[in-house]
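Student: I have a protein model to study, and I would like to go through it step by step. Can we take it as questions and answers?

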Amino acid sequence: MKISFIKNNRRPGYLLVESMINLFVCVLAIWTIITMTNFMVRTFSSQTTDFYAAINLLESDHFDFKVLRLRNDDVLLYSLATKKRYHMQKYQDMLRFTGDNLGHVPTLTNVREVHWQRSGRGLITSVVFKNGEKHQAYSRLAVK
């Protein structure tokens with residue numbers, strides 16, 4: 001009789017250990033899903049913030065830009081404040097500002113496509129990121 005008593009004690013303990021391992025695996029899976037979701041939310045939020053930071057630079061009073069020429073892949077700008085010409089263009093996977101001299105300032109990364117068009121008294125900037133996220137903004141700039 002003692003042998004059957006010992007066997008009965010081990011069986012519920014085994015089920016307890018098995019349940020604890022299953023619970024650990026479930027918690028780990030849920031934690032992984034939450035972490036990946038938070039990462040994706042931060043990535044989308046970062047791209048939105050970067051897009052509007054680039055638009056703020058374009059509309060900045062520090063430069064006071066005027067659009068001289070508009071092409072599919074390049075916008076030629078003239079700064080009334082600095083009296084210099086600048087290009088806003090897509091280069092590889094980024095949107096960048098360049099001056100007449102060497103160097104550039106990357107303003108957006110992970111860009112798939114950029115499209116500019118005139119609209120009334122301004123410029124519409126449309127950006128599609130590599131992850132499919134789309135943004136569009138209207139900037140009131142003097143257009144030649």
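This is a predicted model: local features need pLDDT of at least 70, side-chain atom pairs count only at pLDDT 80 or more; totals for chains, interfaces and linings use all residues.

**Working through the model**

Student: How many salt bridges does the whole structure hold?
Tutor: Arg69 with Asp74 is one of them. Lys130 with Asp93 also forms a salt bridge, with the closest N and O atoms 3.4 Å apart. A search of the whole structure gives a total of 2.

Student: How many residues apart in sequence are the parts that Lys130 and Asp93 tie together?
Tutor: Lys130 and Asp93 form a salt bridge. Lys130 lies in the loop between β7 (122-129) and β8 (134-139), and Asp93 lies in the loop between β3 (84-91) and β4 (94-99), so the pair ties together parts whose separation in sequence is 37 residues.

Student: Are Lys130 and Asp93 buried or partly exposed?
Tutor: Buried needs a relative accessible area under 20%, and exposed needs over 50%. Lys130 has 49%. Asp93 has 26%.

Student: What is the overall order of elements, from the N terminus on?
Tutor: Start with the count. The protein has 1 helix and 9 strands. From the N terminus on, the order is α-β-β-β-β-β-β-β-β-β.

Student: Which residues does Leu108 contact, leaving aside its neighbours within four places in sequence?
Tutor: Leu108 is among the core members that touch the most others. Now leave aside the neighbours within four places in sequence. The contacts of Leu108 are then Asp50, Phe51, Ala54, Asp93, Met94, Leu95, Val127 and Phe129.

Student: Which element gives the most residues to the lining of the largest cavity?
Tutor: The search finds 1 cavity of 30 Å³ or more. The lining is Phe51, Ala54, Ile55, Leu58, Met88, Leu95, Leu108, Thr125 and Val127. Two elements give two or more residues to this lining, α1 and β7. With 4 residues, the most comes from α1.

Student: How many charged residues line the largest cavity?
Tutor: Go through the classes. The lining has 8 nonpolar residues and 1 polar residue. The count of charged residues is none.

Student: Which residues that line the largest pocket are the closest to its centre?
Tutor: The largest pocket holds about 240 Å³ of space. Its lining has 15 residues. The closest to the centre are Tyr86, Phe97, Thr98, Gly99 and Val105.

Student: Is Thr98 buried or exposed?
Tutor: Thr98 sits in strand β4. Beyond four places in sequence, Thr98 touches Arg85, Tyr86, His87, Gln89, Gly103 and His104. Its relative accessibility is 10%, so Thr98 counts as buried.

Student: What is the phi of Asp64, about?
Tutor: Most residues other than glycine have a negative phi. Asp64 is found in the loop between α1 and β1. Asp64 is not a glycine, yet its phi is positive, at about 50°.

Student: Is Gln92 buried or exposed?
Tutor: Gln92 also has a positive phi, of about 55°, although it is not a glycine. Gln92 lies in the loop between β3 and β4. Its relative accessible area is 57%, and the cut-off is over 50%, so Gln92 is exposed.

Methods
Residues are numbered from 1 along each chain as its sequence is written. Side-chain values use heavy atoms; hydrogens and water are left out. A salt bridge is a side-chain nitrogen of Lys or Arg within 4 Å of a carboxyl oxygen of Asp or Glu. Buried means under 20% relative accessible area, exposed over 50%, partly exposed in between (1.4 Å probe, protein chains only). A nonpolar core is a set of buried Ala, Val, Leu, Ile, Met, Phe, Trp, Tyr and Cys residues joined through side-chain atoms within 4.5 Å. Contact means heavy atoms within 4.5 Å. On a 1 Å grid over the protein atoms alone, a cavity is a set of points where a 1.4 Å probe fits but cannot get out, and a pocket is an open set with protein on both sides within 12 Å along at least five of seven lines; lining residues have an atom within 4 Å of a point. Grid points are joined across faces, edges and corners, and a volume is the space filled by probe spheres set on the points. Ala, Val, Leu, Ile, Met, Phe, Trp, Tyr, Cys and Pro count as nonpolar, Asp, Glu, Lys and Arg as charged, and the others, Gly among them, as polar.
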